[in-house]
Amino acid sequence: FPKILSTIYDILKGFFLIFYIIYIKKIKILHCRSYISGTLSLMTSFFFKMQIIFDMRGFWINERSDRQGLSKKSLIFIFFKKVEKYLYHKSNIIITLTHQAKEIILNNNPNISKDKIYVIPTCADEDYFIPYSNNNPKKEIILGYIGSIDTAYDIKKIILSFSKLVKNIPNIHLKIFTKDIIKFNTLIKNYNISKSYYSVGFVDRNNILKEIQSFDYGIFYINKNFSSTASFPTKIAEFFLCGIPIICNHFNEDISNLINDNQLGIINEFQDNDHNQLINYILNNHSNYQNAILCRKFALQNLSLSNGYNIYKKIYEKLS
């Protein structure tokens, strides 16, 4: 703090450190997993001949605007949009999380070859995230929510929909795991839902697997905006690897296509006219182990660390 000065400080400090490492180690490839490191790669490229991988993950500076209210007229936003544009053309490889983001980049930059853009969704450890082996039906139908409840997400959509579900599915339960416990408890008081139907708490990384395995469905709502077209939350891979179908809204084309085309859950906007569809899906697919098998199989093929590693390996070999 202040933001502009602290950002400049980080960039300058990083530049001198990276300059030293590149010079000493004779580095030929820079893999940049953010806009900040991408900025550093551009600075060092004036002094060294190297190849750059811009692993942008998502439209980061637009995320700052969509989620945190950063003005698009601010110096930081304007600066990083120029950096983004320059990195598109300067980089040897661009990596995005979604195919929709790839198409947006190509449409806005017709001179860029589609062959230099790779799509690698956020992956998870297939050896750690595994399905629960006990096939005995549970008494409760458990919806599981993990992570932030604001900025990128809208927990109010979930709470409102859940208030309708409890009236039609008496054995349903909502598990919330978040750091925003106080905020969640404040919000849910407005919906007249008995505490017997939900629980809220925080779970650390060591216990996350046990909790996910207790879910019947993973559930979340992501605010739809420009930056969400490039979003692929880690929890998606974690849920699927554990054999857990997902209930979420249509926040980008990749998520909707993979869920609908592979029977991995349901796309629902959590609005009044969608509640019957959601109720029927939950009741008809509860304890459907074929769905769990499909989720696990899809994740192993597309969202596992092994799959991500293989794509990165091909990229490194291509540049080498």
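Is Ser45 buried or exposed? Ser45 is buried, because its relative accessible area is 17%, and buried means under 20%. Keep in mind as you explore that this is a predicted model.

## Around Ser45

Let's stay with this serine for a moment. Ser45 sits in the loop that runs between α2 (35–44) and β2 (51–57). Its side chain reaches back to the backbone oxygen of Leu42, at 2.6 Å.

Which residues does Ser45 touch, not counting those up to four places away in sequence? Ile52 and Lys90 are the ones it touches.

## Backbone details to look for

Pro2 belongs to the segment before α1 (3–25).

Thr151 has a phi near 50°, a positive value in a residue other than glycine. You will find Thr151 in the loop between β5 (141–146) and α6 (155–165). Thr151 counts as partly exposed, because its relative accessible area is 43%.

Asn192 also has a positive phi, near 55°, and it too is a residue other than glycine. Look for Asn192 in the loop between α7 (181–188) and β7 (198–201). With a relative accessible area of 76%, Asn192 is exposed.

## A nonpolar patch on the surface

Now turn to the outside of the model. Ile4, Leu5, Ile8, Leu12, Phe16 and Leu75 form a nonpolar patch on the surface. Together they have about 620 Å² of accessible area.

Which element gives the largest share of this patch? The answer is α1, which supplies five residues. Ile4 has 41% relative accessibility, so it counts as partly exposed.

## An enclosed helix

Why is α9 described as largely enclosed by the rest of the structure? The reason is that seven of its eight residues are buried. These buried residues are Lys235, Ile236, Ala237, Glu238, Phe239, Phe240 and Leu241.

What surrounds them? The buried residues of α9 pack against the strands β5, β8 (217–220) and β9 (246–248). They also pack against the helices α8 (208–213), α10 (253–262) and α12 (289–302). After α9 comes Gly243, and its phi is positive, near 75°.

## The cysteines

A disulfide is a covalent bond between the sulfur atoms of two cysteines. How many disulfides does the structure hold? It holds zero.

Take Cys123, which is in no disulfide. The nearest cysteine sulfur to it, that of Cys242, is 15 Å away, whereas a disulfide needs the two sulfur atoms within 2.5 Å. Cys123 has 17% relative accessibility, so it counts as buried.

Cys248 is in no disulfide either. Its nearest cysteine sulfur belongs to Cys295 and is 12 Å away. Cys248 is buried, with a relative accessible area of 0%.

Conventions:
Residues numbered from 1 in each chain as written. Predicted model: local features only at pLDDT ≥ 70, side-chain atom pairs only at ≥ 80, totals over all residues. Heavy atoms only, no water. Helix = DSSP H or I, 4+ residues; strand = E, 2+ residues; numbered from the N terminus. Buried < 20%, exposed > 50% of the residue type's maximum accessible area, 1.4 Å probe, protein only. Polar contact = N/O pair within 3.5 Å; in protein donor to acceptor, adjacent residues only side chain to side chain. Contact = heavy atoms within 4.5 Å. Patch = residues over 30% accessible without salt bridge, like charges linked within 9 Å, V, L, I, M, F, W, Y side chains within 5 Å. Areas by Shrake-Rupley, 256 points an atom, 1.4 Å probe, with all protein chains shown as cover. Salt bridge = Lys/Arg side-chain N within 4 Å of Asp/Glu carboxyl O.
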